[in-house]
Amino acid sequence: MMQQWDKITYWIKRHLWVTFLAATIVLTSTIHFYIALFVPPTREKAWKEVQVTEGMSFKAIASALQKEGIIRYRGYFEIIGRLQGISRRVRMGYYGLGSHLSMWEVLEALRKGRIIEYEVVIPEGYNLYQIGWTLTGTPLISSDPDDFIEVATNKKFARDLGIDADRLEGYLFPDTYYLPKGITVTDIAKRMVQRYKDVFTDDLRERAKELNLTEHQVVTLASIVEKEAKVSTERKLIAAVYHNRLKQGMKLQADPTAVYGLRAWITKVSAQDLKRKTPYNTYLHKGLPPGPIANPGRGAILATLYPENVDYLFFVAQGDGSHYFSKDYGEHGKAIGRYKVNKQKARQAAKGKKP
């Protein structure tokens, strides 16, 4: 009996010891795995840029991250990445990562494609020269706007993108873009043109046909409307004036067309500018200019396609951004007279306020 009890005791002790060893191994492995996955290699913030290029394998990505000290254990990283399906769809670009991030946070950054991007705002009515200068104010391209301008004025490139024009002016849609570090000026232009194509739908092309206008003519006229309309509610009225002038064979006489291509930013159009001989100057040439003078937004495009049903032929600024619209030249002349009087009064009032 005693011998049997000794055997039972031995068996219990042996299994307890095995259980203890197994529990210890499991606990140690769990702690090790937790540390590997959720504890950063360091606490000190030290951001580094890691580039994921086209065709780069997940193994190569893991190797680069380990080399930079961003992750401790490449094997864990690869296994978890494959289990989560991250290894098959890592977005290309530059990632801002650091050893102060846990492996889980690094995996999340790759899974969500959190590459380094720059916000670039292109206002409605900017021309391609202004866009070029705007891009130079970011780390995306060099300090020379000609890099972008050269691409935007390349006829073959425009045609390759499906634009029936000699340049991309008018088709670089104004919007807020989030552009990744390392993007080329060619890809920037492509993205802006694609945004335009998303906006100018087949329904709008059908509307253009109803007006007996080509898409290029619509964009050209919309660019003029965009430059002239300082108040968004006047877009359809200004569009109506130009439509009526075109129907009657009158010159459009749009001030912004006289200086297109001469200065990136237009501050004021002078009497001398209106006489300047350029193919875009609608004071010298009837009809539409050969192409857009800026990049119109959706509002200007819709106003051009759906103008107000009015018989206005003239408009003149009132000094506050809005305009006074007239049906004939006599009424227009009176409006100009009122504008000059108000302008003179404003000057005198300004002088009176000076010490």
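**Group meeting: a walk through one predicted chain**

In this chain, residues 24 or more positions apart account for 63% of the contacts with a separation of 6 or more, where contact means heavy atoms within 4.5 Å. This is a predicted model, with residues numbered from 1 along each chain as its sequence is written, and local features need pLDDT of at least 70, side-chain atom pairs count only at pLDDT 80 or more, while totals for chains, interfaces and linings use all residues. Side-chain values use heavy atoms, with hydrogens and water left out.

The overall content, then. The protein chain has 14 helices and six strands; helices (H or I, at least four residues) and strands (E, at least two) are DSSP runs, numbered from the N terminus. Of the 355 residues, 40% are buried. Buried here means under 20% relative accessible area, exposed means over 50%, and partly exposed is in between, with a 1.4 Å probe and protein chains only.

I will start with Asn295. Asn295 sits in the loop between α12 (271–274) and α13 (298–305). Is Asn295 buried or exposed? Asn295 counts as buried, because its relative accessibility is 0%. A polar atom of its side chain lies 3.0 Å from the backbone nitrogen of Leu172. That is a polar contact, meaning a pair of N or O atoms within 3.5 Å; within protein, one must be able to donate a hydrogen and the other to accept it, and residues adjacent in sequence count only if both atoms are side-chain atoms. Leaving aside neighbours within four places in sequence, the residues in contact with Asn295 include Glu124, Gly125, Tyr126, Asn127 and Leu128, and also Leu168, Glu169, Gly170, Tyr171 and Leu172.

Next, helix α13. Its buried residues are Ala300, Ile301, Ala303, Thr304 and Leu305. What do they pack against? The buried residues of α13 pack against α8 (185–199), α9 (202–210), α10 (215–228) and α11 (235–248).

I will take α11 from that set. Two packed helices are described by the angle between their axes and the distance between the axes. For α11 and α13, the angle is about 45° and the axes are 8 Å apart. Axes are lines fitted to C-alpha atoms, for helices over the stretch in contact, and angles run from 0 to 180 degrees between N-to-C directions. The two helices are therefore oblique to each other: angles under 35 degrees count as roughly parallel, over 145 as roughly antiparallel, 65 to 115 as roughly perpendicular, and the rest as oblique. α11 passes α13 in a right-handed crossing; a crossing is left-handed if the near helix is turned anticlockwise from the far one by less than a right angle, and right-handed if clockwise. On the α11 side, Arg235, Lys236, Ala239 and His243 meet Gly299, Ala300, Ala303 and Thr304 of α13.

Now the hairpin. Strand β5 (residues 314–317) pairs with strand β6 (residues 323–326) in the antiparallel sense over four bridges; two strands pair if DSSP finds at least two bridges between them. Within this pair, Phe315 stands opposite Phe325 in β6. Five residues separate β5 and β6 in the hairpin, and in the turn Gly319 has a positive phi of about 95°.

His332 belongs with this part of the chain. It lies in helix α14 (residues 329–353) and, at 10% relative accessibility, counts as buried. Not counting residues up to four places away in sequence, His332 touches Phe314, Phe315, Val316 and Ser326.

Elsewhere, Leu107 lies in helix α4 (residues 103–111) and is buried, at 0% relative accessibility. Which residues does Leu107 touch, not counting those up to four places away in sequence? Leu37, Phe58, Phe77, Ile80, Gly81, Gln84 and Ile86. The C-alpha atoms of Leu107 and Ile86 are separated by 7.8 Å, with the two residues 21 apart along the chain.

Thr138 is in the loop between α5 (128–136) and α6 (146–152), and is buried at 15% relative accessibility. A polar atom of its side chain lies 2.7 Å from the backbone oxygen of Leu135. Thr138 and Tyr118 are 20 residues apart along the chain, and their C-alpha atoms are separated by 7.6 Å.

Finally, backbone angles. Most residues other than glycine have a negative phi, and most peptide bonds are trans. Asn212 is exposed, with a relative accessible area of 68%. Gln253, in the loop between α11 and α12, also has a positive phi, near 50°. Gln253 is partly exposed, with a relative accessible area of 35%.
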